[in-house]
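Hi there,

Here is the structure I promised to pass on to you. Have a look at it first, and then read my notes below.

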Amino acid sequence: MATAAGNPRVLLRRLRDIMAERTSAQERLDRIVTLIAGNMVAEVCSIYLVRAGGELELFATEGLNKSAVHKTRLKKGEGLVGDIAAHARPLNLSDAQSHPKFAYKPETGEEIYQSLMGVPILRDGLALGVIVVQNKTHRLYEEEEVEAAQTIAMVLAEMIASGDLISPNELEETGIRRDRPWRFRGAAIAEGVAIGEVILHAPRVKVERLIAEDPDVERARLDTAVKQLRSQIDTLVDHEDMELLGDTKEVMEAYRMFANDSGWLARLREAIGTGLTAEAAVERVQSETRARLMRATDPYLRERAHDLDDLANRLLRHLAGLTEDGLHANLPESAILVARAMGPADLLDYDRTRLKAVALEEGSPTSHVAIVARALGIPLIGRIDGLLDQADAGNLAVVDGERGEIHLRPTPEIVSAYSAKLTLIAQREQEFAQYKDAPAVTTDGRTITLLLNAGLAIDLPHLDETGAAGIGLFRTELPFMITQRLMGLSRQTELYARVLDEAKGRPVTFRTLDLGGDKQLPYMHFDPEENPALGWRAIRVSLDRPHLMRWQLRAMVAAAAGRELSVMFPMIAEVEEFVQARALLQKEVERAERFGHAMPTRVRAGTMLEVPSLGWSLTPLLDRVDFISLGTNDLMQFFFASDRGNPRLGERYDALSPAFLRFIKQVIDACNAASKPFTVCGEMAGRPLEALALIALGAVNLSMQPHAVGPVKMAIRTARVSQLRNFLLPRLDSPGHTLREDLRIFAEEQGIRLL
Ligand code: PEP
Ligand code: MG
């Protein structure tokens, strides 16, 4: 059917001329059906569009009764046209009337037509309408004609999405335009609230030029871009820090497979053959593939639709000559970054003064990106199903990192409620800042030392910002988790020295590697375990494979030359483990002395107390440690046998239960009796009400996240220890689930500031 008139490229050129005319959208549509009918030597060409509610309406026709335009309607899936839309795939029938789906619409006069070819008008995998051609004779339309109709459909999709034919409101109902407010619930991973403009981590490249001047040029452009894409993916797959870049090896292997799929390339080249530019060809093939995959019942296949979207988008970026750097330029003043998943390195590429929050379809509290977001104080919510199907760049969004919610295109009421909340937070921060240098002293004169939990170099400026007295817990595994390979001796020494430098004489307690369990290194193999939290982790790994910890201790001893070194060990469950760990530290101290290295002024060794068994070994333990630090996060999960990462158990047991508080009191009393410093470094220490309870039990050192320092200090400065003690201690024998509510009411009555 490739007559001069039927040449698809001629058809496209004419189409381009029509699209450029300054006539109404309806007039253009009328001209298009006439053009197609003429080009394909068809008696009929009609265009149906999806209306609100999902019905297809005849919008333009050449050959059917014109009076049926805007009257004839087909239900979803009704007739051949409905079938094409419902399945988002073309039909090419030489005997349409014998097809079981054939539906007769008397007003159109179509019963005399035998053959029918129709293609869906697709955008983002959604059918917006159908183009159909019909002939009186029994004929099967050529593949080239089907292709040409699909190409025209793509141009029409843009015209429809612009809102000229169907109002934007109605498009919204069909799911084509996304204008409505939308609220998603996910997992709250890093706290905080933000209002800003959505930016997509890998934004869709907008295809401006659809119709090609010269197909050979387009094919050559496609070949070059595919080559670049393949080599980019090879580099990514083979790169050792690939996991850190946010893509798992498996996903990237699948990408490599798709990128090398000859069928995909053939479809792209075919699409160019119909007169499209390389970019438009990528978009068309992608839209069709997406439509197919989205209808698959297998969730694995639906998931692959996202991979293919990403791949197509990468190819479009190569065609547009965009570098990855270009992605990070021109951030809006307040940016809400939306992505399926991302790695910590990706996050660090964005301008931190403008990046206000992150929302991910994937992401877990222990993912590397979560660790970095928390360190940067950027709210992050994860596990938001369907987010990318709704979010468009430029949308206004509110992220609530406390409730784990994102509001896309929020109503003015939501925006004003959150603006008020942000103002309040800013006011409080200003207030805390005023008290930055004021001591954390209770009204009856008890001084509490507030310290920070840290783990990355980016945490260190928080020391000055919060006025904290030092670092009570430096989680050394975090830098290991976000770097590309195992850090060598000199890099570790540099890092620990930098931490001590920036602490400017304030005390720092380094904790040795707490690996295993949920803290995995991409470059180190851990066998899968049935109960990772109870498994081969932390000190157990360090004692079984001592070389890693010895290097770490060597680096710490070297870094602390001329100053004090405090080291503690994680997950100690019995005194003997501490004794062995301390012996390794001693060996490193002696080694440094033997080599004549500059030495720390003093070396202190302590233990985390996060395994309950240690609470019954306090007498022999306290003879051997310089200090104890209570890790309430792990302690809670072992104390109550309740997985700390299981959201279903999140509220089940309370840190303010009489049993847990009594256990802590017993540890504090023993430490005080032995004159050994005691610190709490679990999350409990950073919550004002819990901090008050700990102080009532006798704790004086609390180590917490930077944002907790202000609220905890306010509570302390308005509290009286003697009253707190008198209130709490007699209640430790109560049989209740928690003392939280009683304590809160008491604190309020006493005029204690709780936020
Ligand atoms: C704890 O368990 O309370 C603790 C501080 O350590 P982490 O949270 O790193 O396990
Ligand atoms: Mg722990």
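**Around ligand 1**

In this predicted model, Glu 610 has a polar side-chain atom 2.9 Å from an oxygen atom of ligand 1. Arg 475 also brings a polar side-chain atom to an oxygen atom of the ligand, at 2.7 Å. From Asn 633 it is a polar backbone atom that lies 2.7 Å from a ligand oxygen. A polar contact here is a pair of N or O atoms within 3.5 Å.

On its own, ligand 1 has 280 Å² of accessible area, and the protein covers 98% of that (Shrake-Rupley method, 1.4 Å probe).

The shell around ligand 1 divides into seven charged, four polar and three nonpolar residues, with Gly counted as polar. Strand E16 (471-475) and helix H22 (632-639) are the elements that give two or more residues to it, and H22 gives the most, with three. Both are DSSP runs, of at least four residues for helices and at least two for strands.

**The domains**

The domain assignment, which is automatic or from a database, gives domain 1 (2-174), domain 2 (182-204 + 332-418), domain 3 (215-321) and domain 4 (426-749). Between the C-alpha centres of domain 3 and domain 4 there are 47 Å.

**How to read the numbers**

Residues are numbered from 1 along each chain as its sequence is written, while chains are lettered from A and ligands numbered from 1 in the order in which they are written. Local features need pLDDT of at least 70 and side-chain atom pairs pLDDT 80 or more, whereas totals for chains, interfaces and linings use all residues, and side-chain values use heavy atoms, without hydrogens and water.

Best wishes

Note on methods
A polar contact is a pair of N or O atoms within 3.5 Å; within protein, one must be able to donate a hydrogen and the other to accept it, and residues adjacent in sequence count only if both atoms are side-chain atoms.
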